[in-house]
Amino acid sequence: MPARVVARQTLRKTTTRAASSSSPSTEATSSPFYTTLTASAATVVAIGSVAWYYHLYGREAFAMTPQEEGLHPTQYPWEHYRWVKTFDHQALRRGFQVYREVCSSCHSLKRIPYRSLVGTIATVDEMKALAEENEYDTEPNDEGEIEKRPGKLSDYIPSPYKNDEAARAANNGALPPDLSLMVKARHGGCNYIFSLLTGYPEEPPAGATVQSGLNFNPYFPGTGIAMARVLYDGLVEYEDGTPATASQMAKDVVEFLNWAAEPEMDNRKKMGMKVLTIGALLFALSVWVKRYKWSTVKTRQIVYNPPVGPKR
Ligand code: HEC
């Protein structure tokens, strides 16, 4: 058979087959009933898989009861949380005093060197004097002996305990955590720590069980905290005459701890304002330049003047 004829026959066959899909013999599969059934089944499967997926991953998991999670702290209007506000450096100074006189007997602040307090919280001389109160190890000398020397500005604030084990041993087995980054490390930040420090009730509420050695505090996850209430009115004497109420001390020490965790905050906000201001100016300038450069194009009118000639 010549090739052209074969090709033509194949062509004809395909045509017939394509046309046969609407032939009466296959009507059963595409009847309205089957179409509806298929569509319904597809819908059920689609909705079902969405529901199953939601059941598996969509709902928020509440593994813990509110009691286990701790009470949500109140939102306080912290001045330094605002966009254009800095830390109150008087408060930082008072807060550092509270840390030194109260918290430092249990909590370390080991990421903070004395030098970083100079100029923000205290003067050089004050910090030098404070650093010299503590002894630090020297580098090994020629005989390999390590000696003691008074602290310098470049030293870090010393920990109250030699190591974690000593800290646990002194605190009923509970480890007082390092406070350097505490504000960032806890959900709720300043609000949480303030609530924790001021949230110890006189008596645990009726029905609450408190393990021996623990103290009741509704803000602490689990409500039983190894740290007892530490802040009482008049515990420290502020050098600037601010009345040292428990809440004042809590507020000051929390602001200080926020500074310890984010010492760059003041500069960061200042830099942010500069970036926004200069960015806005440059943006305005670029809009102006664009309009200037495009003005000739945008105000141009293109007109077609048909050639004038003898009428045909
Ligand atoms: C007598 C020792 C002691 C003193 C003083 C003390 N704490 Fe504590 N603190 C602890 C212990 C122990 C824990 C661990 C509690 C636990 O895990 O149950 C703790 C835990 C904490 C926590 C962490 C809570 C959490 O969510 O894990 C913060 C924040 C805290 N203390 C802040 C302070 C501040 C601020 C001061 C000073 C005003 C202070 N503490 C004074 C012993 C102390």
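Ala, Val, Leu, Ile, Met, Phe, Trp, Tyr, Cys and Pro count here as nonpolar, Asp, Glu, Lys and Arg as charged, and the others, Gly among them, as polar. By that division, the shell around the ligand holds 18 nonpolar residues, three polar and one charged. The model is predicted: local features need pLDDT of at least 70, side-chain atom pairs count only at pLDDT 80 or more, and totals for chains, interfaces and linings use all residues. Residues are numbered from 1 along each chain as its sequence is written.

**Overall chain**
- The protein chain has ten helices and four strands; helices (H or I, at least four residues) and strands (E, at least two) are DSSP runs, numbered from the N terminus.
- Of the 312 residues in the protein chain, 18% are buried. A residue is buried if 20 or more other C-beta atoms lie within 10 Å of its own, exposed if 12 or fewer, and partly exposed in between, with C-beta atoms placed from the backbone.

**Ligand shell**
- The ligand is surrounded by 22 residues, and the closest are Cys 103, Cys 106, Pro 176, Ala 226 and Met 227. A residue is near a molecule or strand if its C-beta atom, placed from the backbone, lies within 6 Å of it.
- Helix H8 (residues 189-198) gives the most to this shell, with three residues.

**Helix H4 and its partner**
- Helix H4 (residues 89-101) has 13 residues and reaches 18 Å from its first C-alpha to its last, close to the 18 Å expected at 1.5 Å a residue. The expected span is 1.5 Å times one less than the number of residues.
- Buried residues of H4 include Leu 92, Phe 96 and Tyr 99, and the buried residues of H4 pack against helix H9 (246-261).
- H4 and H9 pack at an angle of about 100°, with their axes 7 Å apart. H4 is therefore roughly perpendicular to H9, a term for angles of 65 to 115 degrees. Axes are lines fitted to C-alpha atoms, for helices over the stretch in contact, and angles run from 0 to 180 degrees between N-to-C directions.
- The residues of the contact of H4 with H9 are nine nonpolar, one polar and three charged.

**Tyr 114**
- Tyr 114 lies in the loop between H4 and helix H5 (124-132), and it counts as buried because it has 23 C-beta neighbours inside 10 Å.
- Beyond its neighbours within four places in sequence, Tyr 114 is in contact with residues including Met 127, Leu 153 and Ile 157. Two residues are in contact if their C-beta atoms, placed from the backbone, lie within 7 Å.

Terms used
Parallel < 35°, antiparallel > 145°, perpendicular 65-115°, else oblique.
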